[in-house]
Amino acid sequence: MTDAACASPSSVLQDLVRQTQATLTIATRHAAGELDADALASACEQLARAFVQARPVLGKLAANPDDLATLRQLQGQLQTLHELQARLSAQARAALATLLPQDALQEYARLGQQTHAVRRLYGG
């Protein structure tokens with residue numbers, strides 16, 4: 001990303017579009033099993049930093065048609081990223097529920113509480 005302090009608002013916006021697209025690509029590859037969650041988390045962290053750095057400059061965007069079109073493109077990319085992340089999260093929750101059904105988790109919790117109470121009772 002260009003140095004936001006000296007870059008034009010339009011170029012900062014274009015950099016955000018490119019970085020968002022790169023993050024979408026990583027998210028898609030993660031969803032396909034090609035990359036691990038750490039790669040996606042790192043890409044999202046970098047994208048968040050880019051938005052924080054760009055925020056002051058983006059407030060200076062002129063209302064010209066090119067910038068508005070680019071903003072709409074960025075909005076679409078962010079919506080797609082949000083939807084993909086929501087699907088991945090739902091898949092992860094479903095996988096965990098399959099591996100550890102709620103009934104089993106509650107039983108493990110009760111067993112753990114009983115074990116803790118017995119240890120406390122016998123000083124262990």
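1. For the helix geometry below, axes are lines fitted to C-alpha atoms, for helices over the stretch in contact, and angles run from 0 to 180 degrees between N-to-C directions. Helices (H or I, at least four residues) and strands (E, at least two) are DSSP runs, numbered from the N terminus.

2. This is a predicted model, in which local features need pLDDT of at least 70 and side-chain atom pairs count only at pLDDT 80 or more, while totals for chains, interfaces and linings use all residues. Residues are numbered from 1 along each chain as its sequence is written, and side-chain values use heavy atoms, with hydrogens and water left out.

3. The mean pLDDT (the predictor's confidence in each residue, from 0 to 100) is 86 for the protein, and 95% of the residues score at least 70. Confidence is highest in α1, at 95, and lowest in helix α4 (residues 102-122), at a mean of 76.

4. The protein has four helices and zero strands, which gives the pattern α-α-α-α when read along the sequence. Its radius of gyration is 23 Å, well over the 14 Å that the globule rule gives for 124 residues, so the protein is more spread out than a compact globule; the radius is taken over C-alpha atoms, and the rule is 2.2 Å times the number of residues to the power 0.38. The C-alpha trace spans about 75 × 30 × 25 Å along its principal axes.

5. Helix α1 (residues 9-31) and helix α2 (residues 37-58) have axes that come within 9 Å and cross at roughly 165°. The two are therefore roughly antiparallel to each other (angles under 35 degrees count as roughly parallel, over 145 as roughly antiparallel, 65 to 115 as roughly perpendicular and the rest as oblique).

6. The axes of α1 and helix α3 (residues 65-99) come within 10 Å and cross at roughly 25°, which makes α1 roughly parallel to α3. The contact of α1 with α3 has 12 nonpolar, 11 polar and one charged residues by class.

How values were computed
Nonpolar A, V, L, I, M, F, W, Y, C, P; charged D, E, K, R; others polar.
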